[in-house]
Amino acid sequence: MGTGLLGGDPPAARPGGTCVLMPVSVPPVRVSRRPVATPITFQAHLQDHPDLPRWLRYIQRDPHQPGYLYGCPTATELGTHTIEVLAYNRRTYETVAQRLVVTIIPAPGGEPPYQGEFLVGNRNVEELLPVATRDIFLQATAGVWERDDLHVINVTSALDRGGRVPLPIEGRKEGVYVKVGSWGTFSPCLAAAASPQSRFRCSLGQQPLASCYDTFAPHFTIRWCNLTLVWPNPTTPGPVWGSGVLEEGGDFQPPTEAPPQDLLPGYLVTLLVPLAVAALLCLLLGHLMCCRREGVQKRDLETSDIQLVHHTTIHGDTEELRHMASSRDGPRPLSTLPMFNVRTGQRINPMPGPSDGARVPLLPP
């Protein structure tokens, strides 16, 4: 499989200035005087951890192509990171492991205050990671930005930002977000491309306002509607702290005592206002319930005579049925008794004693 996995030693990365690009590959195997690409897959993770650091990513398009470890660290990732890479040979099932030590040091001067993020639509992320390609991109950006102190801050695939996977058609790329920083302000061309008027034109499906020549063509296709500019935040001066020692001849003047306050008016307002509101609500509710009732006479006057006669008839019939039900004083039907003789009507004890019982016939012979 070869002696090494990396194409070169990993450089020291600086937050806001240097991105890490480490190609992970093995040399081809020669069979019959012709090099044959061996299918190799890689797995990378932080030492003693199951995954990579959040700023570092790994990508490999095909087992016959090399993989790439790439990322742009931030100021919170200072220190040394040990990456373990494990290679699998898909033909012989051999494995090779190697450790990579990446050192992140602080960038001189910190991150630049002016940052612009461009969306390159005709490239994949591994195509913009090499230093030569990034230099070409910075030269094209300098023609639009009109600055010479530009450097790449971050390179991110559009898929990591929620982009869609392109169709398997020749020439379709995923897209790459490239963030570029500078210590100088933006050019009028970039400011016009990110203005609210340009955003409105983009919402209508039109091209944004740009008064400069597109120096990215033909190598890079920039989607100007996705341009993002980050302006520096104005810093407000904080309080000036003294030495904490009084000057000579100065006397400490304690604050004067506050005059006593009369809290009675506030207490009365807090107590009486809710009581007054509750009393008004009670009076209103009582007026609605007692003084706004229609009454039986008014209701009868507004009701037709046919409905009144019908209602009175129903009440009369109901009272008559209740009276008939309450005057039932006749004997109970024999069918409701426990046991009886159909011919004589003689009742038989439902709980016979030991002398008679089931031998007593219900019907006389």
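Modeller: The largest pocket has a volume of about 190 Å³. A pocket is defined on a 1 Å grid over the protein atoms alone, as an open set of points where a 1.4 Å probe fits, with protein on both sides within 12 Å along at least five of seven lines; lining residues have an atom within 4 Å of a point. Grid points are joined across faces, edges and corners, and the volume is the space filled by probe spheres set on the points. This is a predicted model, in which local features need pLDDT of at least 70 and side-chain atom pairs count only at pLDDT 80 or more, while totals for chains, interfaces and linings use all residues. Residues are numbered from 1 along each chain as its sequence is written, and side-chain values use heavy atoms, leaving out hydrogens and water.

The lining of the largest pocket includes Arg54, Trp55, Tyr70, Asn154, Val155, Thr156 and Arg161. By class, the lining has four nonpolar, four polar and four charged residues. Here Ala, Val, Leu, Ile, Met, Phe, Trp, Tyr, Cys and Pro count as nonpolar, Asp, Glu, Lys and Arg as charged, and the others, Gly among them, as polar.

Strands are DSSP runs (E, at least two residues) and helices are runs of H or I (at least four), numbered from the N terminus. An open sheet of four strands has the order β10-β11-β9-β12, with antiparallel pairing; two strands pair if DSSP finds at least two bridges between them. The edge strands are β10 and β12 (228-230), each pairing on one side only.

Six bridges join β10 (residues 151-157) to β11, where serine 157 has valine 176 as its bridge partner.

Strand β11 (residues 176-182) is largely enclosed by the rest of the structure, because six of its seven residues are buried, meaning under 20% relative accessible area with a 1.4 Å probe, protein chains only.

Methods:
Buried means under 20% relative accessible area, exposed over 50%, partly exposed in between (1.4 Å probe, protein chains only).
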